[in-house]
Amino acid sequence: MKQNKVPSSRWDDALKIFAFSLIYFSVARLTLLLTAPETHASPIYLPAGIAFSCLLIFGKRLWPGVFIGAMGSNLVAFMESGTGSLFMNSLAAAASGLGSSLEAVVGVMLLHRICRNHFLPQTSRQLAGFL
């Protein structure tokens with residue numbers, strides 16, 4: 001599976017990861033406003049689609065952005081709920097971040113495996129049509 005990706009430096013990747021984690025965190029916080037009372041379950045979770053799209057376009061190497069954004073947004077939500085200790089809330093947020101990261105990475109890997117790079121979107125317009 002050879003992809004036509006532009007080589008990037010570590011600083012470029014670090015900046016992309018930082019920016020992506022902020023975007024993920026912000027969208028996740030907004031999405032969590034749609035949750036049912038006394039739960040953290042939302043009928044729509046936009047960050048999952050954003051994570052999948054970002055990793056599909058920029059590569060799986062940006063998975064730490066998913067982890068950081070998901071862990072941060074869940075930690076804030078858990079702390080706002082007032083239940084549990086900081087340690088337990090941090091563990092739960094880390095587990096959620098790991099799950100969100102795996103969800104996006106495995107989704108991209110499966111798509112690449114199934115499509116074998118045929119019909120994969122290469123531009124933002126193609127991605128919008130794909131989604």
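Q: What counts as a helix and what counts as a strand in this protein?
A: Helices are DSSP runs of H or I with at least four residues, and strands are DSSP runs of E with at least two, numbered from the N terminus. By that rule the protein has five helices and zero strands, and its pattern along the sequence reads α-α-α-α-α. This is a predicted model, in which local features need pLDDT of at least 70 and side-chain atom pairs count only at pLDDT 80 or more, while totals for chains, interfaces and linings use all residues. Residues are numbered from 1 along each chain as its sequence is written, and side-chain values use heavy atoms, with hydrogens and water left out.

Q: What makes leucine 33 count as exposed?
A: Leucine 33 has a relative accessibility of 66%, and the classes are buried under 20% relative accessible area, exposed over 50% and partly exposed in between (1.4 Å probe, protein chains only). Leucine 33 is therefore exposed. This residue sits in the loop between α1 and α2. Its C-alpha atom is separated by 9.9 Å from that of alanine 77, 44 residues apart along the chain.

Q: Why is leucine 32 called buried?
A: The relative accessible area of leucine 32 is 12%, so this residue is buried. Leucine 32, too, lies in the loop between α1 and α2. From C-alpha to C-alpha, leucine 32 is 9.1 Å from asparagine 74, and the two are 42 residues apart in sequence.

Q: How do you know whether leucine 62 is buried or exposed?
A: Leucine 62 shows 1% relative accessibility and therefore counts as buried. The residue belongs to the loop between α2 and α3. Contact means heavy atoms within 4.5 Å; apart from neighbours within four places in sequence, leucine 62 makes contact with Asp13, Lys16, Ile17, Phe20, Cys54 and Leu55. With isoleucine 17, 45 residues away along the chain, the C-alpha separation is 5.6 Å.

Q: Why are α1 and α2 described as roughly antiparallel?
A: Helix α1 (residues 10-31) and helix α2 (residues 46-58) pack at about 160 degrees, and their axes are 9 Å apart. Axes are lines fitted to C-alpha atoms, for helices over the stretch in contact, and angles run from 0 to 180 degrees between N-to-C directions. Angles under 35 degrees count as roughly parallel, over 145 as roughly antiparallel, 65 to 115 as roughly perpendicular, and the rest as oblique. The two helices are therefore roughly antiparallel.

Q: Which residues of α1 and α2 meet?
A: On the α1 side they are Lys16, Phe20, Tyr24, Val27, Ala28 and Thr31, and on the α2 side Leu46, Pro47, Ile50, Ala51, Cys54 and Phe58. By class, 10 residues of this contact are nonpolar, one is polar and one is charged. Here Ala, Val, Leu, Ile, Met, Phe, Trp, Tyr, Cys and Pro count as nonpolar, Asp, Glu, Lys and Arg as charged, and the others, Gly among them, as polar.

Q: What makes α2 oblique to α4?
A: The two helices pack at an angle of about 50 degrees, with axes 9 Å apart. The pair is therefore oblique. Ala48, Ala51, Phe52, Leu55 and Leu56 of α2 meet Glu103, Ala104, Val105, Gly107, Val108, Leu111 and His112 of α4. This contact of α2 with α4 has nine nonpolar, two polar and one charged residues.

Q: How do α3 and α4 cross?
A: Their axes come within 7 Å and cross at roughly 145 degrees. Among the residues that meet are Trp63, Val66, Phe67 and Ala70 in α3, and Ser96, Gly97, Ser100 and Ser101 in α4. The contact of α3 with α4 comprises 14 nonpolar, seven polar and no charged residues.

Q: What makes a set of residues a nonpolar core?
A: Such a core consists of buried Ala, Val, Leu, Ile, Met, Phe, Trp, Tyr and Cys residues joined through side-chain atoms within 4.5 Å. The largest one has 16 residues, of which Phe20, Tyr24, Ala51, Leu55 and Val66 touch the most other members. Two or more residues of this core come from each of α1, α2, α3 (63-81) and α4 (86-115). The largest share, five residues, is given by α2.

Q: With which residues beyond four places in sequence is valine 66 in contact?
A: Valine 66 is in contact with Phe20, Tyr24, Ala51, Leu55, Ser100 and Ser101.

Q: What share of the protein counts as buried?
A: Of its 131 residues, 30% are buried. Among contacts between residues at least 6 apart in sequence, 65% join residues at least 24 apart.
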